[in-house]
Each structure stands twice: as C-alpha cells, then as structure tokens.
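Let's take a walk through this one together. Have the view open and turn it as you read.

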Amino acid sequence: MTLKIVASQCTSCSACEPECPNVAIFEKNGTFVIDPKKCTECIGHFDVPQCAAVCPVDDTCVIDNAYPRYQPTA
Amino acid sequence: MHASTQHETSEAAVADKLAEAMQAKAEHQGCGTSGGSGKASCGSSAGQGDLPTEIWEKVKNHPCYSEEAHHHYARMHVAVAPACNIQCNYCNRKYDCANESRPGVVSEKLTPQQAAKKVLAVASTIPQMTVLGIAGPGDPLANPEKTFQTFELINRTAPDIKLCLSTNGLALPDHVDTIAGFNVDHVTITINMVDPEVGAKIYPWVFWKHKRYTGYEAAKLLTDRQMLGLEMLTERGILCKVNSVMIPGINDKHLVEVNRAVKSRGAFLHNIMPLISAPEHGTVFGLNGQRGPTAQELKALQDSCEGEMNMMRHCRQCRADAVGLLGEDRSAEFTTDKIMAMEVNYDLDSRKAYQALVEEERVAKVAAKQEEMEALAGEQSDIKLLVAVATKGSGLINEHFGHAKEFQVWELSTGGAKFVGHRRVDLYCQGGYGEEDSLETIIRAINDCHAVFVAKIGGCPKADLVKAGIEPVDGFAHEFIEKSAITWFKEYLNKVKTGEMEHVVRGDAEIRQGALINAA
Ligand code: SF4
Ligand code: SF4
Ligand code: SF4
C-alpha cells in the first residue's frame, strides 16, 4: 500500500512535502500528490506516516487500497 | 464589546461579508480587504513613553509597535510560509494563520523570489514602507527555508528594511541563531497559555520531531518551547513581542499569568487580542459556539496587565499581506502579475530623505500635544470616559463619519488622552446614502463611547447617535485628535460641574467578527 492525498480536502499548505523521507510528495495543479512508486508508508523511517501526522485536515492523507501493502526489503 | 444578544444579529451579515470576501479573493488576488497587519496600528500614542531608549530606537518606525509610527510608516507582509506545525482551535487552515490575520482571509502564496521582488517594488513606490513581516499563512518557522531565503534576498538589496517574523514558537529555539544572524530585531510569539491544562483546550495537537502529540503533552511541549525560545531571543538582544488571543472561559483569567511569565522573560510588549469566532469560519471554536470577549472584557484585561508592562492596544488583526500605510490597503496595485512585469529601481537615498522629513513632523506633533496637556493641569475629576474618532491618519480628525471603516477609541481623564484601541465597522456610507442596518452596527461598535469625533456627518446618523446617547462632534474637523479631545473633555467636565448635564456611565460595545472588507 501507499498513502494518497484526497485532493478535494488538501489546502495546499505544503506541510507534508518536506516531511516525507522518500521525497514522494509533490505539487501538481495546485494540490499536493503522493507518488505511489516512492511512498513506503514511512516504514523503515518513522513509526507513523509523516504526511498524515502533519496534515491539518483530518482524513486527507489516507491509505490507498488500490495498491498492495508495501513490503520492506529487509 | 458586543453584548452577547447583539452578537447574533450580526452573524448573517458577517456570513455574507465573508462569502463576498472569499468570492472576491477567488476572482482576483489582492482584493481590498484592508486594515493593519494582524498586529498594528500604533500603540504608545505619546511616542517613546516609558520605553527604554534602545528599544524605542528599534521600534519607533515600526507601525506594529508604535501607535504613533503607524501614521507615518507602513509595513507589509508576504505570504511565503503556508505550512504549520501545530493546530489551534481558532484556526481553519483553509485560511491564513489566525494568529496573524483575521480569520477567513486567504493570501496569495508567493515564492521567496516573487516575495522579494514584491517588497522591492512596493518599497520603491511607497517610501513609508519600512518593515517587512513574514507571518504565514502558516508558521514562518515551519517553513524555515522559504522564510530565510526571503530575508536574505531582501537584506541584499534593501538593507534599510526592517525584518520581523511571527511564530507560534514551537520551532523557535531551533532557529534563534539564524534569526540573530539576519539581524531580525522583531519577533512576535503567540502565547495563549503557560499552563498545559489550559493549553490542551486551545491546541488539539502539535507536530514535533516526526510525531504528532495531543492533549496535555502537546501543550506542555509547546509552552516549554515558547518559553525557551523567548528566553533565547531576549538573551541575544532581539526584541520580542507576545500576542495572546483572549478566549473567554478558557484563558481570559490565565492571561494575567501569561503576562507575568513573558514579562519576566524579557518580552517588551504584550498584545492581547480578542478571539474572533463565528461558525462560518469553520474553526473548532467557531463551530462549538465559543464566544469572543466584549470590548469591556478586553479592555479590563488589558488594563489589569498594564501595570506589568507595555500593552499594545492598536492591533487590528488585519490580513497578512496588506500593503501601504496601515488602514489604506493598496494590494491591488501590487498583484504578482503586475510585479513580475515591473522594472524596480531601489533608491535608498530618496527613501532616507523622505524618512528624515517624517521625523521632523513627528517632533512637531509631540510638542503640540504637550501644550494641550498643560491646559488640563489643575482640573480634578474622577470621570474617565471613552470617545471614538474618525481618522484617516496623521493624528487628525479627518474622516467623514460615513466613510470610516474603523474608529480610534481614546480614553479621556484629567490625566490626558490615551489611545486604547480600534473599533472596526464596515462602511456605513456607500454611494452617498446610509443604510439603517450598518448604522446600528456602528452604534453597537462604539456603544461604550460618550462622543464620536468626525470631520463631517449627515443629519440622519447624527440624530440616531444622539438618540443612542453618543454625542456627534464635528466642530473639530481637521484638527489634532488629542488636542481636540482634551478641549472637548474640559467643556464636558465644566457642564457636569455646573449641573448643566449629568455624567452617565455607558454600556458595553461589540467586537466586529469577520474579515474587514473594502467597499471599493
Ligand atoms: S506515508 Fe511517508 S513515505 Fe508515504 S508519502 Fe507520506 S510521508 Fe511520504
Ligand atoms: S499537509 Fe495536507 S493539506 Fe497540506 S499540502 Fe499536504 S495533504 Fe495538503
Ligand atoms: S499557528 Fe497560526 S496557522 Fe498554525 S494553527 Fe495556529 S493559527 Fe493556524
């Protein structure tokens, strides 16, 4: 899995962008988006997904079930 | 200032205004929401007052710190810092930082390069522009690269511009040395509590060191970091102002303790602002019906802190990117498109010449006031009352009642005239005729005043003011505020003494909720 940003809720505050350990977050057409190929759910870096922890709008950085769970390569 | 019953009636109007504002904002950036910066329209009206000389030297041209400077100098804010690292219950992060701007205001985000160009363009056009602030829309120190890059760009081209920033304090200790390196001599910290029990009711969470903290723990962390940051700044000789938001029932009594705590750590000025809260702001406090203080409650708290340290009473909580002399928003002239197309030629010498002229004018005004004070000498009375003044600035009664977007409020006693704050009203006169509703709003906003001084006023509003017990005074048009007010007050005392009239105590007044909108 990866996280995704619910575009309709994102205020474009950019708080999440510098927190991502994988540089997976970028701005696109005025809101922020997560690159599913880069996101590791913060596994191996932090206890909680950083984007979700810093985001001011509840339920905006959420698990994207369209992708399989991230598998850390030991 | 509002009696809570009157509060409700204005909500619908506020909702409309807010919708209008958001709409206008969406259509074109830089629409004319006006007002001072979340902080300033001039504090110590007498000039230096009891401030130590080194501090006065630093702040005398800063419109956010000196009531008096606000007539002559201007500040601007650039919105380069959208991210924030905490959450306040009075803030809806769709809008700008509520600590630094009125709720419901959205600023156009700028890159540091755009911001620097904007500052230089404005400073070249408006020689009064002497202060650049970074105050959001989020927390400048949650966006340190953007904030400091902007400072660096400005410092290089316009070393005469003073830099300041406003922060919630969480990240402050990490950046104190960088701030000192930039010669940022003004930092504002918003401190609403020193007791985490109180803080837990104001801050649902803070984000610190890769973790979100909540409840008591969050507030404890925040207050520890704020106090540490404040101490570190004052140790390095950087001026520190503290903003507090007064939230009735949550931190109103507690702010006296906050006042003591920040004073003992060297803050030089404390600004207590009313909570602005309405459901349409979409904030936790807006939605749960938390009310803001009335004018009397606010003033009583400011008075009770006054003995402790300098209180700032001129804060108008205006938007963060207002441009031009305070109260006179020129944002529309400086939209990003227009600025990027501008040729900017920064002329340091002509700016200096202009500022020297202003200094002369200010000295003359202080002298004029001294004379008036002598006229009051010998008068003895316990009477203390408030009057409202319609002014466009320069210390003169020079605004038409119907054109005033705000009134200055002065407290008169045999001790003299003291500036105690602003009352925002929305424009009463739009296109030459008055609207009944807005006149009522104005009366509610200045209901605690005995008189209102104006340059001019129509017959109808005059009659309504008299009916409400507020004397409209237009006999001092275009004269100095303090001199006129003192002259009027002497006559008032005389009438009371001779029994011609009786001194009655006025009621409370309402604090206007919502963003200030320009009619233009
Ligand atoms: S969960 Fe972590 S890795 Fe994924 S986007 Fe958010 S911050 Fe980046
Ligand atoms: S922190 Fe949340 S609101 Fe801010 S840009 Fe990221 S997703 Fe959008
Ligand atoms: S510090 Fe400012 S931007 Fe951050 S939550 Fe508080 S009011 Fe909003």
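This is a predicted model: local features need pLDDT of at least 70, side-chain atom pairs count only at pLDDT 80 or more; totals for chains, interfaces and linings use all residues.

Which residue does Arg236(B) meet at 2.9 Å, N to O? The partner is Asp177(B), and the two side chains form a salt bridge. Asp177(B) sits in helix H5 of chain B, while Arg236(B) belongs to the loop between helix H7 and strand E8, so this pair ties together parts that are 59 residues apart in sequence. Asp177(B) itself is exposed, at 53% relative accessibility.

Arg236(B) also has a salt bridge with Glu235(B), where the closest N and O atoms are 3.8 Å apart. Glu235(B) is exposed as well, at 64%.

Now move along to helix H10 of chain B. Here Asp303(B) and Lys299(B) form a salt bridge, with 3.0 Å between the closest N and O atoms. They are four residues apart in that helix, so about one helical turn separates them. Asp303(B) is partly exposed at 32%, whereas Lys299(B) counts as buried at 15%.

Finally, see where the chains meet. Contact involves 13 residues of chain B and 15 of chain A, and the area buried between them is about 1,100 Å². Six residue pairs are in polar contact there, but the number of salt bridges between these two chains is zero.

Conventions. Residues are numbered from 1 along each chain as its sequence is written. Chains are lettered from A and ligands numbered from 1 in the order in which they are written. Side-chain values use heavy atoms; hydrogens and water are left out. Contact means heavy atoms within 4.5 Å. Buried area is the accessible area (1.4 Å probe) that two parts lose on being put together, summed over both. A salt bridge is a side-chain nitrogen of Lys or Arg within 4 Å of a carboxyl oxygen of Asp or Glu. A polar contact is a pair of N or O atoms within 3.5 Å; within protein, one must be able to donate a hydrogen and the other to accept it, and residues adjacent in sequence count only if both atoms are side-chain atoms. Helices (H or I, at least four residues) and strands (E, at least two) are DSSP runs, numbered from the N terminus. Buried means under 20% relative accessible area, exposed over 50%, partly exposed in between (1.4 Å probe, protein chains only).
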